[in-house]
Amino acid sequence: MNAVGFDQVTLAYGGRRVLTGVSFAIVQGEFVALLGANGSGKTTILRAILGLVRPQGGTITVLDKPPRRGNPVIGYVPQLRRGSVQTSISGLDLVAGATGGHRWGWPVASATEKVAAWKALEQVGATDIARRPFDRLSGGERQRILIAQALTGEPKLLLLDEPLISLDAGHQRTIIELAREIGQRLGIAVIFCSHDINPLLKAADKVLYVGNGKAAVGKVDEVISGPVLSGLYGTPIHVVHVEGRIFVMADGIELEGHAHAHDA
Amino acid sequence: MLTMLEYEFMRNAFAASAIVGIVAGAVGYFLVLRGQTFAGHALAHVGFPGATGAALVGLSPFFGLTAFTLAAGIGIGLLGERAHRDVAIGIVLTLSLGLGLLFLHFYTTNAAQATSVLFGNVLGIGFRTVLVLAAMAIVTLAALTLIARPLLFASLQPELAEAKGVNLELVSTLFMVIVAVATAEATQIVGVLLVFALMVAPAATALHLTRGVLAGVVVSILIAVAIAWASLVLAYFTDWPTSFFITALGALGYLSAGAASRLRAA
């Protein structure tokens with residue numbers, strides 16, 4: 001079964017076309033690195049899978065069904081923007097609050113929601129920080145809480161949007177390992193979005209690289225290569241390997257910009 | 001001290017400020033949490049020509065004010081992010097005050113009217129107004145209770161809430177309607193210029209002092225009512241305006257809570 005299928009999909013964001021006629025398939029259980037420079041359309045792809053952006057053309061399938069808003073089979077970790085989620089509410093309350101946050105009423109978690117929240121916090125190893133105020137947690141601890149939020153509904157697909165932003169190399173590695181381990185344990189596909197290729201080189205089963213409105217899919221070596229990316233961008237692209245790290249260069253300039261928040 | 005309760009206007013004032021304190025404390029908590037405190041301020045300003053215009057055509061100023069804040073609340077809710085253009089808001093606000101001034105100019109029978117709309121006149125509240133305030137409070141609090149859960153979710157994590165099926169536009173518009181009614185109520189105590197004092201100061205103080213949502217709302221309400229009542233007592237003994245004490249105590253509470261939480265963090 002395919003976790004996600006794109007067939008000749010065209011997507012726009014804010015009136016600007018970000019993807020044109022893109023096709024790819026993500027098999028259930030795969031750990032996929034969704035790569036591309038800032039503004040290349042990574043978040044728009046995730047929002048299309050979530051049913052929040054309608055394709056202008058083509059068809060999208062999520063676990064063999066059309067995407068829909070509020071799809072319970074998807075666990076989603078949005079990008080943590082600077083200044084967002086500034087709250088002294090505890091991680092436990094945040095996770096419990098997200099389980100039924102769409103229902104009307106006063107925000108009191110039911111017993112089942114608390115149990116589900118605690119189970120999710122156990123899965124990410126965050127039970128010891130669960131009762132601390134969210135705004136007192138470190139970047140890595142916050143990401144754990146947010147991943148726990150995505151796990152409460154027993155998802156069949158996990159989407160993570162730039163979870164590595166503002167984390168140091170050590171914490172980046174733990175978050176990648178955690179996401180990969182969760183995907184394997186639950187047997188579900190994980191789409192891990194990042195503008196930086198390098199932290200994900202070893203972990204990714206597959207790479208989905210977006211740029212210039214197009215996408216390339218395959219194993220890391222198959223996609224992150226000069227000829228493939230040159231074809232994608234339509235200009236000569238060089239892939240430089242230096243001490244186990246990869247740099248994608250066009251005209252001597254590195255293509256992946258450095259961490260700054262973006263909306264596309 | 002209890003002799004002041006022998007006066008009917010004092011009893012009405014205590015009742016009205018308790019009712020408004022409860023509404024302003026609860027609604028204000030979410031307003032501060034969402035970072036929309038300026039909306040409360042803006043709604044009150046738009047209410048000013050509503051109040052003076054209604055008086056001009058012989059209607060109740062409170063009615064006119066509520067109608068205008070409601071309309072503005074729905075407008076801000078529907079505009080969403082687009083309403084955050086500070087120049088446009090600033091122009092609408094000054095235009096509102098200007099229009100209110102014009103209506104006052106034509107309505108010259110009562111000069112005290114302007115001061116009481118602008119700065120509040122809690123000692124002039126009649127028993128009928130207390131009943132109207134209570135009815136509006138019940139509706140407002142019921143509506144807030146109904147939307148609190150998705151409102152909190154949408155305020156803290158809008159992207160996740162949207163993905164989980166929360167209609168962000170609907171929730172934010174409903175909340176703005178609630179804020180509009182709460183603002184109209186608060187103007188009865190502190191006037192259109194000082195709404196911040198009741199809607200924002202207690203809630204911001206409570207956010208400094210508490211962690212959970214329920215605790216935050218309860219503390220916010222307690223602070224708002226305590227400030228309003230203490231101000232009535234102080235005004236009774238000094239003969240200074242009640243609204244002055246509400247603003248002063250609100251600022252004092254906020255500053256000391258900020259200092260206290262900084263001390264704890266250090």
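Visitor: How many of the residues of S6(A) are buried?
Guide: In this predicted model, five of the five residues of S6(A) are buried, so that strand is largely enclosed by the rest of the structure.

Visitor: Which way do those residues point?
Guide: A:Leu157, A:Leu159 and A:Asp161 point one way from S6(A), whereas A:Leu158 and A:Leu160 point the other way. In a regular strand the side chains alternate between the two faces of the sheet.

Visitor: And which sheet is S6(A) in?
Guide: S6(A) belongs to an open sheet of six strands with mixed pairing, in the order S5-S6-S7-S3-S8-S9 (chain A). Strand S5 (74–77) and strand S9 (214–218) of chain A are the edge strands, and each of them pairs on one side only. From one strand to the next, the twist averages 15°.

Visitor: In what sense do S5(A) and S6(A) pair, parallel or antiparallel?
Guide: S5(A) and strand S6 (residues 157–161) of chain A pair in the parallel sense, over four bridges. Opposite A:Ile74 stands A:Leu157 in S6(A), and opposite A:Gly75 stands A:Leu158. A:Val77 has A:Leu160 as its bridge partner in S6(A).

Visitor: Are the residues of S5(A) buried or exposed?
Guide: A:Ile74, A:Tyr76, A:Gly75 and A:Val77 are all buried. A:Ile74 and A:Tyr76 point one way from S5(A), and A:Gly75 and A:Val77 point the other way.

Visitor: How many bridges join S6(A) to S7(A)?
Guide: Five bridges join S6(A) to S7(A), and the two strands run parallel. In S7(A), A:Phe192 is the bridge partner of A:Leu160. A:Leu160 is also the bridge partner of A:Val77.

Visitor: Stepping back, how many helices and strands does chain A have?
Guide: Chain A has seven helices and twelve strands. The radius of gyration of chain A is 18 Å, close to the 18 Å that the globule rule gives for 264 residues, so chain A is as compact as a globular protein of that length. Along the principal axes, the C-alpha atoms of chain A fill a box of roughly 55 × 40 × 35 Å.

Visitor: What share of chain A is buried?
Guide: Buried residues make up 44% of the 264 residues in chain A. Of the contacts in chain A with a separation of 6 or more, 65% are between residues 24 or more positions apart.

Visitor: How many residues does the contact take from chain A and from chain B?
Guide: The contact takes 23 residues from chain A and 21 residues from chain B. On the side of chain A that touches chain B, the largest share comes from helix H2 (residues 91–99) of chain A, with three residues. By class, that side of chain A has eleven nonpolar, nine polar and three charged residues.

Visitor: Within chain B, at what angle do H1(B) and H8(B) cross?
Guide: The axes of helix H1 (residues 8–33) and helix H8 (residues 168–190) of chain B cross at roughly 145° and come within 9 Å. The crossing of H1(B) past H8(B) is left-handed.

Visitor: Which residues make the contact?
Guide: Among them are B:Ala16, B:Val20, B:Val27 and B:Phe30 of H1(B), and B:Phe175, B:Ile178, B:Ala182 and B:Glu185 of H8(B). The residues of this contact divide into 13 nonpolar, two polar and one charged.

Methods
Residues numbered from 1 in each chain as written. Chains lettered and ligands numbered in written order. Predicted model: local features only at pLDDT ≥ 70, side-chain atom pairs only at ≥ 80, totals over all residues. Rg over C-alpha atoms; globule rule 2.2 N^0.38 Å. Buried ≥ 20, exposed ≤ 12 C-beta atoms within 10 Å, placed from the backbone. Contact = placed C-beta atoms within 7 Å. Axes fitted to C-alpha atoms, helices over the stretch in contact; angles between N-to-C directions. Left-handed = near helix turned anticlockwise from the far one by under 90°. Nonpolar A, V, L, I, M, F, W, Y, C, P; charged D, E, K, R; others polar. Pairing = 2+ DSSP bridges.
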